Amino acid sequence: MDDKDLEILKLLQKNARMTADAMSAQVGLSSPAVQKRVKRLRETGVIENEIAVLSPSKLGREMIVIVEVVLERESRMHLDAFKQSMRNAPAVQQCYYATGEADFILIVVTSGIKEYEEFTQMYFFDESNVSRFTSSVVMDPVKVSLDVL
């Protein structure tokens, strides 16, 4: 990977629909050279996925909650079960198995407090392996990004 690849990646992470022609003008390569590089970056897994970023507010999903979860037991079986549960939970936007006070840190997006309460009932209170959880409601999402570069 060289500087031109990094320039292409920076452009794509801002706009995955940018054409090879538009990128070529900005990175100083021909359109076919850009297409070849993008294809290689996809094939090697540097570009994992290309997605649409949806507007939570326009879809009625305005409540963002950062949740710290502490498990009762941390055997591999219990960790894997909790991870799978979070992967399958539609309201969970991000889930991190982390070091520190909490075992997991979640980003949960819901339509409001009622939906969040239902989420906590289903995934925390009804789950015998959740020791405790702490919720922080986001007042203002100052920066939201998945940018790596």
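Let's start with Asp-5, which lies in helix H1, residues 3-14. Helices here are DSSP runs of H or I with at least four residues, strands are E runs with at least two, and both are numbered from the N terminus. Before I go on: this is a predicted model, where local features need pLDDT of at least 70, side-chain atom pairs count only at pLDDT 80 or more, and totals for chains, interfaces and linings use all residues. Residues are numbered from 1 along each chain as its sequence is written, and side-chain values use heavy atoms, with hydrogens and water left out.

Back to Asp-5. Is Asp-5 buried or exposed? Asp-5 is buried, at 2% relative accessible area. Buried means under 20%, exposed over 50%, and partly exposed in between, with a 1.4 Å probe and protein chains only. The Asp-5 side chain makes a polar contact with the side chain of Arg-40, at 3.1 Å. A polar contact is a pair of N or O atoms within 3.5 Å; within protein, one must be able to donate a hydrogen and the other to accept it, and residues adjacent in sequence count only if both atoms are side-chain atoms. Leaving out residues up to four places away in sequence, Asp-5 touches Arg-37, Arg-40 and Leu-41. Contact means heavy atoms within 4.5 Å.

Next, Ser-31, in helix H3, residues 31-43. Ser-31 is buried too, with a relative accessible area of 16%. Its side chain makes a polar contact with the side chain of Asp-21, at 2.8 Å. Beyond four places in sequence, Ser-31 is in contact with Ala-20, Asp-21 and Ser-24.

Now the interior. In soluble globular proteins, nonpolar side chains tend to be buried together. A nonpolar core is a set of buried Ala, Val, Leu, Ile, Met, Phe, Trp, Tyr and Cys residues joined through side-chain atoms within 4.5 Å. The largest one has 19 residues, and Val-69, Val-108, Phe-119 and Phe-124 have the most contacts inside it. Strand E1 (63-71), helix H4 (76-88), strand E3 (104-110) and helix H5 (113-125) each give two or more residues to this core. E1 gives the most, with 5 residues. Apart from this core lies another, of 12 residues, among them Leu-11, Ala-20, Val-38 and Leu-41.

Last, Leu-146, in the segment after strand E4 (130-137). Leu-146 is exposed, at 65% relative accessible area. Leu-146 and Lys-14 are 132 residues apart in sequence, but 9.7 Å apart in space, C-alpha to C-alpha.
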